Amino acid sequence: MLNHVIDLLADPADLTPLSGADDFSRLVSESGHSFDVAKQGYVTLAAGAGIKHQGDDAAMVAARETFLSQGHFAPFVEAVTDAVHEVFDETLSDEVRTPAILEVGAGTGYYLSHTLDDVEGAVGIGLDTSVPAAKLLAKAHPRIGAVVADVWQRLPIRNNVLNAITVVFAPRNPAEFARVLADDGQVVVLTADPGHLDELRDPLGILSVEDGKVERMIEQAAGYLAPVGDPELIEFPMTLDRDSIAAQVGMSPSARHIDPADLAVRLSALPDTMTVTARAQLTRLAKS
Ligand SMILES: C[S@@+](CC[C@H](N)C(=O)[O-])C[C@H]1O[C@@H](n2cnc3c(N)ncnc32)[C@H](O)[C@@H]1O
């Protein structure tokens, strides 16, 4: 619900504060701009020419919802929530009653909902460029405010208001993250690591994870954000049947690179179940 996060949101054109109008059917800024809240509960906050990147389409979002609801990535969601807890244990003063979290590229809201369930009183902005994702995000948790916005543009968020930003397999904007984070806030990033889903690469022809992803992410953040401690490797086996594998491929960038008919043929040649490695690095970054 947007009312929980309204004190964090800003006009994307000029960063003046937003407030709810007409029973939160629209948000208005101090400079007079108005943004309609969609009937599904999300708001699009974009200035000028609007949003350039579309993000995941409806089929990818549906595949993601199917796969995540089966619990295969539970160790990833636990790791992200644990890291947010650690950040708050180390940085939050007792006066902060409603810690504020932004998840960028929040997809279906699976990760942010779990974290909000676990961190008492916390509120969360789920931000994504994908409208199909925003529709699910708006319903994912009562303390999520769903925002359609592009992380590559200026974020529609006030300066220095967030206690944590989480990014799970999604794009980052270090300069903007540094602007919107509180001075002691941190970013928690989960990045796919080489070896992730390796057992599926040859049989299905899916894209591989390039080497040095975490190192590049840290380099690109230099000047704005610096790592806190060493990245943590999270690796576990998953037992997947063919439908789960199809959902996994459907939610990944490979969905746009493999012809659906070819994919169906390759999937039908797989055994009934496979053990597949999930592997990612979790990195915490603070303002530098
Ligand atoms: C691989 S998915 C990860 C979704 C979610 N974090 C999860 O793990 O379930 C990447 C997400 O980033 C979103 N995305 C892609 N480009 C974006 C951008 N420029 N700004 C905001 N979100 C973006 C996509 O729509 C998609 O929901």
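A residue counts as exposed when its relative accessible area is over 50% and as buried when that area is under 20%, with partly exposed in between. By this cut-off Asp272, with a relative accessible area of 59%, is exposed. The close-up views below are all taken from a predicted model.

**View A. A salt bridge joins Asp272 and Arg242.** The side chains of Asp272 and Arg242 meet in a salt bridge with an N to O distance of 2.9 Å. Because Asp272 lies in the loop between α10 and β12 while Arg242 belongs to helix α9, the pair ties together parts that are 30 residues apart in sequence. Asp272 is exposed, whereas Arg242, at 29% relative accessibility, counts as partly exposed.

**View B. Buried residues of helix α9 and what covers them.** Helix α9, which spans residues 242-250, has as its buried residues Ser244, Ile245, Ala247, Gln248, Val249 and Gly250. The cover over these buried residues includes the helices α2 (58-69), α7 (198-204) and α10 (260-268), together with the strands β11 (232-241) and β12 (273-287).

View C. In helix α6 (residues 174-180), Arg179 and Glu176 are three residues apart, about one turn of the helix, and their side chains form a salt bridge of 2.7 Å, N to O. Both Arg179 and Glu176 are buried. In helix α7, Arg201 and Asp198 are likewise three residues apart, about one turn of the helix, and their side chains meet in a salt bridge of 3.2 Å, N to O. Arg201 counts as buried at 10% relative accessibility, while Asp198 counts as partly exposed at 41%.

**View D. A network of salt bridges.** Glu86, Glu90 and Arg284 are linked to one another in a network of salt bridges. For the model, the count of salt bridges comes to eleven.

View E. On the surface, Glu78, Asp82, Asp117, Asp118 and Glu232 gather in a patch of negative charge. The elements that give two or more residues to this negative patch are α3 (74-91) and α4 (110-118). Asp117, one of the patch residues, is found in helix α4 and is exposed, with a relative accessible area of 60%. Thr81, by contrast, sits in helix α3 and is buried, with a relative accessible area of 1%. When neighbours within four places in sequence are left aside, Thr81 is in contact with His114, Thr115 and Asp118.

**View F. Surroundings of Val214.** Val214 has its place in helix α8 (residues 213-221) and is buried, with a relative accessible area of 8%. Not counting residues up to four places away in sequence, Val214 touches Thr191, Pro231, Gln281 and Thr283. One of these contacts, Thr191, is 23 residues apart from Val214 along the chain, and the C-alpha atoms of the two are separated by 6.8 Å.

**View G. Positive phi at Asp23 and Leu197.** Most residues other than glycine have a negative phi. Asp23, although it is not a glycine, has a positive phi of about 55 degrees, and Leu197, also not a glycine, has a positive phi of about 60 degrees. Asp23 lies in the loop between β1 (18-21) and β2 (26-29) and counts as exposed at 76% relative accessibility. Leu197 is found in the loop between β9 (181-192) and α7, but Leu197 is buried, with a relative accessible area of 6%.

Note on methods: Residues are numbered from 1 along each chain as its sequence is written. This is a predicted model: local features need pLDDT of at least 70, side-chain atom pairs count only at pLDDT 80 or more; totals for chains, interfaces and linings use all residues. Side-chain values use heavy atoms; hydrogens and water are left out. Patches are made of residues with over 30% relative accessible area and no salt bridge: like charges are joined within 9 Å, nonpolar side chains (Val, Leu, Ile, Met, Phe, Trp, Tyr) within 5 Å. Accessible areas come from the Shrake-Rupley method with a 1.4 Å probe; for residues, only the protein chains shown count as cover. A salt bridge is a side-chain nitrogen of Lys or Arg within 4 Å of a carboxyl oxygen of Asp or Glu. Lys and Arg count as positive and Asp and Glu as negative; His and the chain ends are not counted. The place of a charge is taken as NZ of Lys, CZ of Arg, CG of Asp or CD of Glu. Helices (H or I, at least four residues) and strands (E, at least two) are DSSP runs, numbered from the N terminus. Buried means under 20% relative accessible area, exposed over 50%, partly exposed in between (1.4 Å probe, protein chains only). Contact means heavy atoms within 4.5 Å.
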